[in-house]
Amino acid sequence: MDLKGKITLVTGASRGIGAEIAKAFGEEGAFVIVNYLQNEAKAATVVDHIENQGGESTAMQADVTDEQSVQDMVAKIVDSFGAIDVIVNNALPSYTFNPKKRKAAWDMKWEDYQKQIEGSIGGAFNVCKAVMPYMKEQNGGRMINLLTNLIDLPLVPYHDYTTAKAGLLGYSRNLAVDLGPFGITVNCVAPGLTYPTDSSLETKEDVREEIARLTPMGKVASPEDITGSVLFFASDWASFITGQCIHVDGGLVMK
Amino acid sequence: MRNEQQEIEAYFIPDTIQLTSFTTRELESKQGKLILKYPVLSGEDIQCITETIKANQKNYLDKLQTTEVIDLVDAAVQKWLDPDYHWRQLAETWLPVITGYDAEMIRLELKRFLRTFRKKELLRFLVEEFDDPAVLDDFRPRKKGGLSKAYGPDLILHFFSGNVPGLPVWNLVMGLLVKSGQLGKTSSSEPLLPVLFAKSLEEVDPELAKTLAVLPWKGGEDQLEHPAIQAAEAVVAYGSSESVENIRKGVPAHKRFLSYGHKISFAMVGKEALTLDLCRESVHSLAEDVSVYDQQGCVSPQIIYVEQGGSVSPREFAQLLANEMDHYNRKKPRGPLLESEALAIQSFRSQHEFQIESSVYGHPDDTSWTVVYHPEPDFEPSPLNRTVHVFSCTHLEQVYPKLSSYRQYLQTAGVAVGPDRLFKLSEDLGKAGVSRVCAVGKMAQAPSGWHHDGQFNLLNLIRWTDIETSAEQHAEQYDEDSE
């Protein structure tokens, strides 16, 4: 796989799945922009890790839900590095995945949904919108959006979170149609429960065991398990794939 | 045919004439080897050939009815429409090697082109220019009295073009329709197809084929061209402005001279065609118009004017076009270039990369396609070989002043505009010098019977003889049986 020199932006990359994706791109020779919201120190650790492995990377702060801040970041990337080849929309609004404390349907407020929609779709929207003119001008680009397998199998119904991610799937497919003629692909990766990450810390042993038992491959995902599919969508191997979603959950969802 | 050595004559002459001296040119490909046999010609050869052709024209072709000629041409064309026809297979195998054009592109375009010479198209072609095509056979009454007959030249000398394979077939067919003997000089870039077509005519009717010769020689060889021009009643010349001008100098004023020199074509896309649902079709069509025969045909656009105000901006149109050009190139790769041609594209690219206002989209690794976007309209020819300008304009009408200094060169305008604008636009384009307005996507496929470069085709070749009413009436008094 040759991602050498590909200017790659990973949002929410200071920790969890995002950090692993950033590192994986770094290992493949991409130039990685590690976007973060608050955790400057952790973002720096990711950058250090990539550089220690011989890769190239830099950290950039931006709130993906803030249109201007995203536009400034993307303009800065293109200004400094001359292009933007790959974006990975991984950032998500803070959310606690606790099966015991989750809200039931009858306790949900419209604001809960709004917050997730704002964060998940809104964040991806801002990034995609900001890079579009550049990718069109380059006659190509890769957009990869992180979803969840809960869309297809809501083992634990996190209503607001999963609904927003389902919306992001719809957004991605529509985007793929309009951007395909410009040589830009839009694809999604839908991980199953991924442990350990900050978000999944409160998903306790019993639930993890139960999911592992239902999973053909017999375990829940670790952050490193997610990276391959993202790299694939960014690679030349996936040059003619767009509007697709790969489930990375050990076979829990099959479709 | 595969992996074999094959020899074929790169000339065609009436079979009663023997040539004695030859050279060869060898072509190799993975299909094997082809040896093209070229005659070494003298002025006497030309004289002998033209005399023979003229005699055969007089004794045979001139006596055929036009409908019979049409049937014979149709029979030859029908052979070519069979994919298994041996000459078609030979052409499909070797034209890509000779011309450098993509094999699949040749296969498709040749077939499309030859389809325009079937009987029904030939009939339409005649009616296009003659109210009563029977004037080519006999004196026919005129509405206001008298009778007229049209005579084709006894011998037409063609200087064939070499940029688009098959085009000489069009010239040969025109000559046949006016029942002329014909000598065609092939271009070194495509010496094969006219010869093969003559062979097909020979298969259909050996006598008819004796009124034809197709010969290769290096343009400008006076000792051959002089006797050829002397013998011909009409000269039809294709080529660069310079070579056409050189030929013209050698043609005496009393001889008919038709020329088809350098032309430039362009396209116009109105904002009504730039909706999200319709735009892609225009982009796709234009990528094909630009790419076909590597833009060597004069009908291929070098410039596209795109109007602002649609859902897709002119810049986005250029970006979309770039991607479509790439798709076409993957399907049908451009042929290899001379170093000078590749350099021309590279300097064209860098010249525009330096201009801050324009954007260059091109294949990242080579020169196989290039789109240059400009925010203001202008008129600038491209270096061809799949390079095209996209000019943004606030209104298409803004473009006309830019065309004025190129008036003599303008040919086809491919348009994507609404019905309410088509007439006005065509009127203005006509004034500007454009001779053909067609849909985008059809630029490279001129229909039979078009006014090539704004002229008649057959009418320009023939001369008329009128029997005036007075002669008719006067003759009556000498009727011995008159009362």
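## A covered helix

A residue is called buried here if 20 or more other C-beta atoms, placed from the backbone, lie within 10 Å of its own. The model is a predicted one, and helix 6 of chain B, residues 167-177, is mostly covered in it, with 11 of its 11 residues buried.

Just after helix 6 of chain B, Lys179(B) adopts a positive phi of about 60°.

## Strands 1 to 3 of chain B

Strand 3 of chain B, residues 32-39, pairs with strand 1 of chain B, residues 4-9, in the parallel sense over six bridges; within this pairing, Glu4(B) has Gly32(B) as its bridge partner. Strand 3 of chain B also pairs with strand 2 of chain B, residues 22-29, here in the antiparallel sense and over eight bridges, and Arg25(B) is bridged to Leu36(B).

## The seven-stranded sheet of chain B

Chain B also holds an open sheet of seven strands, arranged in the order 13-14-15-12-11-16-17 and with mixed pairing. Because strand 13 (359-362) and strand 17 (436-439) of chain B stand at the edges, each with a single partner strand, one side of each is left without a neighbour in the sheet. On average, and with direction ignored, neighbouring strands of this sheet are turned by 20° against each other.

Within the sheet, strand 12 (residues 301-307) and strand 15 (residues 387-393) of chain B pair in the parallel sense over five bridges, with Val306(B) standing opposite Ser392(B). Helix 11 of chain B, residues 279-291, packs on the sheet and touches strand 11 (264-269), strand 12, strand 15 and strand 16 (410-416) of chain B, its direction making about 160° with that of strand 12. Helix 13 of chain B, residues 339-354, likewise packs on the sheet, where it touches strand 13, strand 14 (370-374) and strand 15 of chain B, and its direction makes about 145° with that of strand 13.

## Two helix pairs in chain B

Helix 3 (residues 86-99) and helix 7 (residues 193-204) of chain B pack at an angle of about 175°, their axes lying 10 Å apart, and the two helices are therefore roughly antiparallel to each other. From helix 3 of chain B, Trp87(B), Leu90(B), Ala91(B) and Leu95(B) meet Leu193(B), Leu196(B), Lys199(B) and Ser200(B) of helix 7 of chain B. Sorted by class, this contact has six nonpolar residues, one polar and one charged.

In the second pair, helix 1 (residues 43-59) and helix 9 (residues 222-231) of chain B pack at an angle of about 20° with their axes 8 Å apart, which makes helix 1 of chain B roughly parallel to helix 9 of chain B. Their crossing is right-handed. The contact is made by Gly43(B), Ile46(B), Gln47(B) and Thr50(B) of helix 1 of chain B and by Gln223(B), Leu224(B), Pro227(B), Ala228(B) and Ala231(B) of helix 9 of chain B, and these residues divide into five nonpolar, four polar and no charged.

## A buried serine in chain A

Ser172(A) lies in helix 5 of chain A, residues 159-179, and counts as buried because it has 24 C-beta neighbours inside 10 Å. Leaving aside residues up to four places away in sequence, Ser172(A) touches Asn145(A), Val186(A) and Cys188(A). The C-alpha atoms of Ser172(A) and Gly243(A) are separated by 6.5 Å, although the two residues are 71 residues apart along the chain.

## Where the chains meet

Eight residues of chain B are in contact with six residues of chain A. On the side of chain B that touches chain A, the elements that give two or more residues are helix 12 (314-331) and strand 13 of chain B, and helix 12 of chain B gives the most, with five residues. By class, that side of chain B has three nonpolar, three polar and two charged residues.

Key. Residues numbered from 1 in each chain as written. Chains lettered and ligands numbered in written order. Predicted model: local features only at pLDDT ≥ 70, side-chain atom pairs only at ≥ 80, totals over all residues. Pairing = 2+ DSSP bridges. Helix = DSSP H or I, 4+ residues; strand = E, 2+ residues; numbered from the N terminus. Axes fitted to C-alpha atoms, helices over the stretch in contact; angles between N-to-C directions. Contact = placed C-beta atoms within 7 Å. Parallel < 35°, antiparallel > 145°, perpendicular 65-115°, else oblique. Nonpolar A, V, L, I, M, F, W, Y, C, P; charged D, E, K, R; others polar. Left-handed = near helix turned anticlockwise from the far one by under 90°. Buried ≥ 20, exposed ≤ 12 C-beta atoms within 10 Å, placed from the backbone.
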